[in-house]
Amino acid sequence: MDLVVDLSVVLFAIGVVGALVRRNVIVILMSVELMLNAVNLAFVAFSRMHGNNDGHVFVLIVITVAAAEVAVGLGIVISLFRNRDTVNVDDVSLLKW
Amino acid sequence: MLNEGVHTSELLRLIPLFPLAAAVFHGVMIGLLRRPLPRAGVIAVSCGAVLLSFGVAILALGELLSYPVESRVLVDDLYTWVGAGRFVAEASLLFDPLSAVMSLVVTGVGALIHVYSIGYMDDDERDDKGFQRFFCYLNLFMFSMLMLVLGDNLLVLFLGWEGVGLCSYLLIGFWYGDEWNAYCGSKAFIVNRIGDFGFLVGIFVLFAALAQVGHPTVEFREIQTAIGLLADRTVAMPWGGEWKLLTLVGVCFFVGACGKSAQIPLYVWLPDAMAGPTPVSALIHAATMVTAGVYMVCRMSFLYAAAPGASAVVAWTGALTALVAATIAVAQTDIKKVLAYSTVSQLGYMFVAAGCGGYSAAIFHLGTHAFFKALLFLGSGAVILAMHHEQDTDKMGGLARYIPKTHRVFGVGVLAISGFPLLSGFFSKDEILLSAFAAEQIPGHLWLYGIGLGTAVLTAFYMFRVHFRTFYGECRAPAELRSHIHEPANTVMYPLYVLAALSVVAGLLSPPQLWGDLLGIARSNSLHHFLEPALSRGAVHTVEHSVEWLLVALAVSAFVVGAGLAWWMYVRSPEIPGRIRERAAGLYRAVANKYWVDELYDTVLVHPLVAVSDRVLYRGIDAAGIDGVVNGSAAAVRALAARGLKYAQTGLTQSYLFFMIVGALAMLGWMLRSS
């Protein structure tokens, strides 16, 4: 039980660090996915601990939303690449003072 | 609601309804539909409405007279206007002898002046819309005035009171293209508001006191029955000392009357109100609205009878106003200004009577004054029309040759107001002087009588002065104008004939006892007797017949002296006024400049008030304070953003993400801090 939660925390931390330090948009998206799935893992673990199915339901919803999010996110990435010929987030900083 | 000896009559609601309907109709036509009626239609609607009101008022009078004297009260309950707990104010109308006289004067003189306005405004107003607007205001005024005199409680009276003030403002500034007229309208309105404030305070104090003794009411007859409970109450005044409660209420009410009826110190608006069209001056500023204060004091006569202090204030203010206004009138050259000051002076007479307990004398003079002053104003309007809008008597003279009919009717008015024996003004003024002479409860009542007599001399003098300067001597008008002088139209002249006839005979409605015996008029037929149940008796002192004859002789000699002096100075040897002007230059200037009262008010009240409003209230509190807070907060946000906050917007996705995570961690830490 503890092990599963620890794994979840480690996965989430990797996702956070990845999203913060990597410049490649696709890697950032992957890191976000990693965080989502770390959360899913925690949900399942707690669901089993409490002995009810609420966590499972949440996980299914998260997966559904994540699928939609990825579709939109990748769409934005493709559009970005076509227009600016880059996938580096530091190059996309027009909206500033 | 007291219902013993009270009859219900649904006729009453029709009296104010007709003018209201006409005013609303005119308002809709010019305001909403923007399609002014042809003049004939406007005339038919407006004059028809007022004539119908007059007819209904006569019917109501007939019904009133069919009842025995002690139950001559008609009431018409329309609906409950305010109902809050034990306080109930009905929208109801009252028709007792006092209201009857007032509403007959208002609708009767009003109808005549409506007819007169047809000719006067037709000559003046080129624009159909303006023509209809004029009659719209006039009808609205009739409605308000009728609500004032027919109201069954203080609230309905106050509704009419404010309504006539509004119409007065609208009609003084009727030709608002000239800024001076608009200024005069505002002046009248503001001065009236000062008086109204006193009136309102009086109503509040009276109501609060009545509520304390268990009679929360504003209805006249209920106040009258409960007034005895307040007789011994006193109030501590802010400057120390104690006043009788009823005296305080009476004085507050009289402040309102001072504003509406142009008494010292609030009379300054009335002479300037002459900026309005002449029919307005006649209807509102001579015959009806300005008498509202006198009516109110008489309506509350039971209160003033119980408050001798307030009565003394009323009488003395009236006497001083009568005298001061009469002296000012002596040196005015504008024909309407003379009449305006004369109105102020005559209203002062009425207050002398009301203050001395001669309420029916006040109402009698109110009625006769309405006739002869309306006649004089309308006559002056005819002169002004004939002279193509010249109002200055310096440019008139010798007009008797050009407009003989106008000359004759104006002369009747002059004789009536000056107190020519057996005309209306003679009787009513006589009765006022008699009540002042006999009023032993008023301190210095013989002085009041003396001032009244002196004012009578001045009245005869200035009225004959203006008459001689207008109609006699050499014509001082330019030659090309002289050839155009003509008698005005018939619609202008006919009302003058009717009013002239009334000015002659109206005195016989209520001659003093002395004359009644002599002329064979039974006392039970007199106006005085008719009014008796509606008015408080006051303190009545009778005077020996021989003394009364002496007073009559004095009054007649006052007329002879005043008129003779005017004849001597302006007809026989016209060089005398010029010499007096040189000899007593200072006095003449003071009188001709109205004792600089307007200038004094401007320096002491208006300018400081405007300065404080402008510098402190407007620029200090409004512009700097309130606007400062609103605009300052916006400016502060903008300055803060420009100096520092904008640098947080880096445009880098990951810096935003970083702050988001820091924030999330901070919230997490805060949530976990206790556990």
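Two strands count as paired if DSSP finds at least two bridges between them. Helices (H or I, at least four residues) and strands (E, at least two) are DSSP runs numbered from the N terminus. In this predicted model, local features need pLDDT of at least 70 and side-chain atom pairs count only at pLDDT 80 or more, while totals for chains, interfaces and linings use all residues. Residues are numbered from 1 along each chain as its sequence is written, and chains are lettered from A and ligands numbered from 1 in the order in which they are written.

**Sheet of chain B**

B:Y79 stands opposite B:A91 in β3(B). Strand β2 (residues 74–84) of chain B runs antiparallel to β3(B), and 9 bridges join them. An open sheet of 3 strands in chain B has the order β1-β2-β3, with mixed pairing. Its edge strands, β1 (7–8) and β3 (87–95), each pair on one side only.

**Helix pairs of chain B**

Axes are lines fitted to C-alpha atoms, for helices over the stretch in contact, and angles run from 0 to 180 degrees between N-to-C directions.

| Helix pair | Axis separation | Angle |
|---|---|---|
| α1 (14–32) and α2 (39–65), chain B | within 8 Å | roughly 170° |
| α13 (308–330) and α18 (445–471), chain B | 9 Å | about 25° |

Angles under 35 degrees count as roughly parallel, over 145 as roughly antiparallel, 65 to 115 as roughly perpendicular and the rest as oblique. The angle of about 25° makes α13(B) roughly parallel to α18(B). Residues are in contact if their C-beta atoms, placed from the backbone, lie within 7 Å. Among the residues that meet are B:A315, B:A319 and B:L323 in α13(B) and B:L448, B:G452 and B:F461 in α18(B). This contact has 12 nonpolar, 5 polar and no charged residues. For these classes, Ala, Val, Leu, Ile, Met, Phe, Trp, Tyr, Cys and Pro are nonpolar, Asp, Glu, Lys and Arg charged, and the others, Gly among them, polar.

By class, the contact of α1(B) with α2(B) holds 14 nonpolar, 2 polar and no charged residues.

**Domains and chain contact**

Chain B is assigned domain 1 (153–581) and domain 2 (596–672), with bounds from an automatic or database domain assignment. Their C-alpha centres lie 57 Å apart.

Between the chains, 11 residues of chain B are in contact with 10 residues of chain A. The chain B side has 5 nonpolar, 5 polar and 1 charged residues.

Methods. Two residues are in contact if their C-beta atoms, placed from the backbone, lie within 7 Å.
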